[in-house]
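Please open the model in a viewer and keep the sequence panel at hand.

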Amino acid sequence: MDKGEGNEVANNKVKQLWAQGKAVVNAWLAIPSGFSAEVVAQCGFDSVTVDMQHGVQDYLSMVQCFQAMHGHPVTPMVRVPWNEPGIIGKVLDGGAYGVICPMVNTPDEARNLVSYSKYPPKGTRSNGPIRSGLYGAAGEYQKTANDEIVLLPMMETKTAVENMEAILDVEGIDGVYIGPSDLGFSYGLVPKLDREEPEILAIYEKIVKECGKRGLNPGIHCSGAEGAVRAINMGFKLVTLSNEVGLMATYAKMQVAQTRKDSAGKA
């Protein structure tokens, strides 16, 4: 987050980058550790997403991650476990400036996400920004939250793809976020991140095109830099580089393999 000076309300770095026509490089936290979050927040990412769906995170660990990241220029975001008002309002009150919501398959479900995430008159979010109020003077957060918070319903099923244009027409979303594993799974394919099947790539192309028509920003989960660059070149505007578990394991395996290889059988 850009904190601003004095009592100015913070601006969302993700939206600033999109306004400049740039793609956002997003981190993903599965480990419930403020220390891990603090380290990742210093690695050059634009945003950092706490995964409360498939990660080992809970609400308190999310708050700890946000606290650890607060001094660094990253936008704190969350993937919520499901599309329901209790947890969505709670993560926003805890300081999330972006919500990625899984398994949004219909325009009605997308409208529900918007309603749960925005204050009246645009939505039904209850007032009580206990931590998010830190981003501005008392009473100021509510004036800008509806515009500053990023909402990305996940498009990750065949049903969602069939409803693509109707979902993208829902007022209040900022784009969609592709879950490649579930999307492929939904079409009878092996779940994996960086996909090469022509039928899936055609879906990606259509998503990017339809988002472009509406001024929306498509995001996607990638396994690393190679897939992220490919996605950016396709037109995606937010790319996630695996998660901290995957990055740690990949580098650790590489170092172990190199040690064994270069020690000529001594290890």
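Predicted model: local features only at pLDDT ≥ 70, side-chain atom pairs only at ≥ 80, totals over all residues.

**Stop 1: the largest nonpolar core**

Begin by selecting Met62, Val91 and Ile178, which touch the most other members of the largest nonpolar core, a set of 64 residues. Then extend the selection to helix 3, residues 59–69, which gives the most to this core, with 7 residues. Apart from this core lies another, of 12 residues; to display part of it, select Met77, Val150, Leu152 and Leu238, which are among its members. As general background, nonpolar side chains in soluble globular proteins tend to be buried together.

**Stop 2: valine 91**

Centre the view on valine 91 and show its surroundings. Which residues is valine 91 in contact with, leaving aside its neighbours within four places in sequence? The contacts are Met52, Tyr59, Met62, Phe66, Val78, Val80, Ala96 and Val99.

**Stop 3: helix 3 against helix 4**

Display helix 3 together with helix 4. Their axes come within 10 Å and cross at roughly 25°. Because that angle falls under 35 degrees, helix 3 counts as roughly parallel to helix 4. The crossing of this pair is right-handed. For the contact itself, select Tyr59, Met62 and Phe66 on helix 3, and Lys90, Val91 and Asp93 on helix 4. Colouring these residues by class gives 4 nonpolar, no polar and 2 charged.

**Stop 4**

**Stop 5: asparagine 217**

Finally, move to asparagine 217, located in the loop between helix 10 (198–214) and strand 7 (219–222). Is asparagine 217 buried or exposed? Its relative accessible area is 12%; asparagine 217 is buried because this value lies under the 20% cut-off. Not counting residues up to four places away in sequence, asparagine 217 touches Trp18, Leu152, Asp174, Gly175, Val176 and Lys237. To relate this stop to the second, draw a distance between the C-alpha atoms of asparagine 217 and valine 91: they are separated by 22 Å, with the two residues 126 apart along the chain.

Definitions and conventions
Residues numbered from 1 in each chain as written. Heavy atoms only, no water. Core = buried A, V, L, I, M, F, W, Y, C linked by side-chain atoms within 4.5 Å. Buried < 20%, exposed > 50% of the residue type's maximum accessible area, 1.4 Å probe, protein only. Helix = DSSP H or I, 4+ residues; strand = E, 2+ residues; numbered from the N terminus. Contact = heavy atoms within 4.5 Å. Axes fitted to C-alpha atoms, helices over the stretch in contact; angles between N-to-C directions. Parallel < 35°, antiparallel > 145°, perpendicular 65-115°, else oblique. Left-handed = near helix turned anticlockwise from the far one by under 90°. Nonpolar A, V, L, I, M, F, W, Y, C, P; charged D, E, K, R; others polar.
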